[in-house]
Amino acid sequence: MSPVPERVSIALLYPELLGTYGDGGNATVLAQRLRWRNIPAEVVDVHAGEPIPSSCQIYVMGGGEDAPQALAARELRSSPALVDAVAGGAAVLAVCAGLQVLGQRFAAEDGKAHDGLGLLDCETHRDDGPRRVGEVVITPDPSLDLPDLTGYENHGGVTTIGPDAQPLGRVVVGHGNDGGDGTEGIVNGRVVGTYLHGPVLARNPALADHLLTSVLGPLEPLDDEEVEALRKERLHAARHPHMHMPQLTSGWRRLLRGN
Amino acid sequence: MAGRAIADASRWVGAGEGSVIGGRVTLAIDQRALELMAAGHQSVAVSGTNGKTTTTRLLAAALSTRGPVSTNSAGANLIPGLVSSLFRGRAGAAVALEVDEGHLAEAIAAVHPTAVVLLNLSRDQLDRFGEVRRHAADWRLALAASPGTVVVANADDPLVCWAAGACEPATNGQRCGVTWVGTGQRWRADASACPNCGSRIRWTEGRGERGGVPWACTSCTLARPRPDAWLEGSDLVLADGRRLPIHLQLPGRVNVSNAAMAVAGAMVLGVDPGRAVRAMSRVRAVAGRYQVLNVGGARVRLLLAKNPAGWAEALGLIRPPPTPVIIGINAGVADGRDPSWLWDVPFEQLRGRLVVATGERGRDLAVRLRYAGVRHTYEPDYRKAVAVGAAGLAGGSNVSARGAAGPKQAEIDFVANYTSFQDARRALTSGARGAVPAR
C-alpha cells in the first residue's frame, strides 16, 4: 500500500469502446465516495489512441461490443502502462468485456481468438448457447469479507478461470462465468474482474470501498441508506422474479398495443 | 374486412386503439398483406432509435399539403400496425409510416417505399444492445435490394451513413439517390468504432461544416458525406442556396433536426419545402409528448427520453432551475431490463433544483442522482410525485397529495422513459378532475 496521495486519480479506460453498459458509472462512484470523505479525487478519461497514464491509483474498464473490445485489447497491449501500474500497487476493476481483455485470451463473436493482457488467469471462449442476460446475485469469496453482490449480466462469452485463480464469488442467481463451476468473476490481488453491470459499484458500495481501501488503507464509513434500499429491492427481485414483472398485470393491454 | 371488424371491436371494448390487432388478423388471413396494400401508394418510411414518432407526425403534416395522407398511430410501428394503417388509408393517399428499427428491413422488402428517412441508431435497450449494429447491417442489405427507394439519411450518424451505403462510391449517388442531411446530432458514443471495419472513428472538433462536425474512419473510406441539406441554427439550408427558417411549436433543437429530416423526406414526394415547413409549424403535441397537463394545480409538461442519446437532447429542453423535474424510469421489456444506462446521462446538469425519482426503477435513479449531487427524493406514485415536486417549489415541507402550488401555478417538467411515460400519462390524466390538458 502506497502513502495516500494528495489527489486520487481514477482512470476510466476507453469509455467510448468499453462504455456500452453504463460501467463508466463505476468511476463516478469511486470518485464521489472519496470526495464525500474529503479526499480529493479526479476521473481521467483515457480514449483510444491516447497514452495510458501509469500514475493513477485505480483503473476502471467496462463492457462493450466485439469490434470495440478487440480494438481496446490491441490498444492496451501496445503499452506496458497498465501492467506497470498494477505492479506498482494500483487497483483495477474490469467488467464484462474488460474482464475478458485482462485474461490470457478471449474469443470474439466470429470465434477468432485475441490475446489478452494476462493480468487475470482466465480464458474466454464462445459457445452456441444464448447470451447470458439477467439479474445476478453472488456470494463473494469469504476471504473478501463482503456482503452478497447484486448486478445485471449480459454476455455471450464463457470464462474459465485457472485452477489456482480466486473467483469473485459463487453464483446464487444467474450465470456468472458459466463454465458450469458456479463461479462469478475473478480476483488477483487488487485486480477484480466481474460480469456484473448495474453499474456494479453503484449497487454494491462495499465492493467500491474494498477497492478504495486496497490502495488507500482504511476509510471511514458512509451513510448508504439510499443504496441499501436499492440493494434490498434488487436482491429481492433477483430471488423472486415472478413478483417483479409488472408488465404481466397490464400484459393484455400491451399485447394489443404490440409492445 | 375481418381485420377492420376486429379493430373496431377492440376500440369499442376500450382495449386499445385497434390498429395492431386489426393488422394481426389481416396478416393471419394473408401473409403478404403489407405488400398487397402498399401497391399503388407513394410511401415514406421513417425509422431510427429516437424521434420516429415525432418525425412521422411532421412528415404527415408536410405530405398533407399535396393531398390525403395515411399514417400509423403512435407506437403501432411493427408490421401489423403498418398493415392496419395502409388498410385504413384512402386509395391514392400518400403514406407516412413510422417503422420500428428492428423491422425496417422487412418493411422495405414488402413495401418498397418511395423514400426511407433514417434518423439515427444508438443504444436503447441494453439487454438487446447487440442488435444496434445488426439493424444497420439489415438496413444496408434491404436498401441494396430496393434500388428504387430514395434514402434520406442523417449525415452525422456513422451507423446510419454506413447503412445508407456511404462508403461505397459505386452506389453512393448512383442509386435512385441518397439525400444526406446535416443535423448536428450530439450523441456519438455508439459510433466510436467504424461499422464498416472496426477501426476508430475520428471527429474533427471545431471545424463545423454544413451543419455538423466532420468525421471519418481512421482506416477505411467511411466518412461524413457532404450534406445536400443542413441546419444553420434553426434554418434549413438546401444545396441550391434556399434557406428555410423552421419555426415549430415543438420545443428543442432535436425537433428542428427531426423537421429537417421530414422536409427532405417530403421533398422526395414532390412537396414544396416552404409549404412543408409551414405545415409542420402547426403540429403541437405528438402522442402526448410535449403535452401540458394540469395536475392538482400544477402545470406538468410531459417529455419522453428513453436512452442516453434521447437524454442528451432532453436535458436541453428542461427549463432552468428552480423548475422541479420529475423523472420516471421503468425497466420493462420495451424499455430494456437493464437501466445501467442512467449512468451515461449527465444528470449532474440538473443540480440546483428538486428532482423527484419515480417509476418502477425510481430507486436506481435515486442512487444515480445521489452520486450526481442532485437534490432529490423518491416517490413511486406518479400523482404524489407531482405533488412533491410542486410542494418543493413552494418551499413548503408540508407535502400533501393535493400539492401546494401557491399563488402562482407550479411549472413542472416530467421526463420519462417509454413505458413509464405511458404509465404516467395514464395516471396523470385519469381519475382526477384536475388533470385536463392545458394550453
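Predicted model: local features only at pLDDT ≥ 70, side-chain atom pairs only at ≥ 80, totals over all residues.
**Figure 1. Helices α4(B) and α9(B) of chain B are packed against each other at an angle of about 45°.** The view takes in helix α4 (residues 52-63) and helix α9 (residues 253-268) of chain B, whose axes lie 8 Å apart.

**Figure 2. Chain B as the setting of the helix pair, with its 14 helices and 18 strands.** Of the 439 residues that make up chain B, 61% count as buried. When contacts in chain B with a separation of 6 or more are considered, 69% of them are accounted for by residues 24 or more positions apart.

**Figure 3. Helices α1(A) and α6(A) of chain A cross at roughly 70°.** The axes of α1 (residues 25-35) and α6(A) come within 10 Å, and the two helices are roughly perpendicular to each other, because the crossing angle falls between 65 and 115 degrees. Val29(A), Leu30(A), Arg33(A) and Leu34(A) in α1(A) meet Ala208(A), Asp209(A), Leu211(A) and Leu212(A) in α6(A). The residues of this contact divide into 6 nonpolar and 2 charged, with no polar ones.

**Figure 4. Leu219(A) in the loop between α6 (205-216) and α7 (225-239) of chain A.** Leaving aside residues up to four places away in sequence, Leu219(A) touches Arg37(A), Asp209(A), Leu212(A) and Thr213(A). Gln100(A), by contrast, is 119 residues apart from Leu219(A) in sequence and 30 Å apart from it in space, C-alpha to C-alpha.

**Figure 5. Strand β4 (residues 91-95) of chain A, which is mostly covered.** Of the 5 residues of β4(A), 5 are buried, and both faces of the strand are covered, with Ala91(A), Leu93(A) and Val95(A) on one side and Val92(A) and Ala94(A) on the other. Strand β3 (residues 58-61) of chain A pairs with β4(A) in the parallel sense over 4 bridges, and Met61(A) stands opposite Ala94(A) in β4(A). Strand β14 (residues 191-194) of chain A also pairs with β4(A) in the parallel sense over 4 bridges, and here Thr194(A) in β14(A) is the bridge partner of Val95(A).

**Figure 6. An open sheet of 4 strands in chain A, with the order β6-β5-β7-β10.** The pairing within this sheet is mixed. Its edge strands are β6 (113-115) and β10 (157-161) of chain A, each of which pairs on one side only. From one strand to the next, the twist averages 25°. Strand β7 (residues 122-126) of chain A is joined to β10(A) by 5 bridges, and these two strands run antiparallel. Glu123(A) stands opposite Thr160(A) in β10(A).

Key
Residues numbered from 1 in each chain as written. Chains lettered and ligands numbered in written order. Contact = placed C-beta atoms within 7 Å. Pairing = 2+ DSSP bridges. Axes fitted to C-alpha atoms, helices over the stretch in contact; angles between N-to-C directions. Buried ≥ 20, exposed ≤ 12 C-beta atoms within 10 Å, placed from the backbone. Parallel < 35°, antiparallel > 145°, perpendicular 65-115°, else oblique. Nonpolar A, V, L, I, M, F, W, Y, C, P; charged D, E, K, R; others polar.
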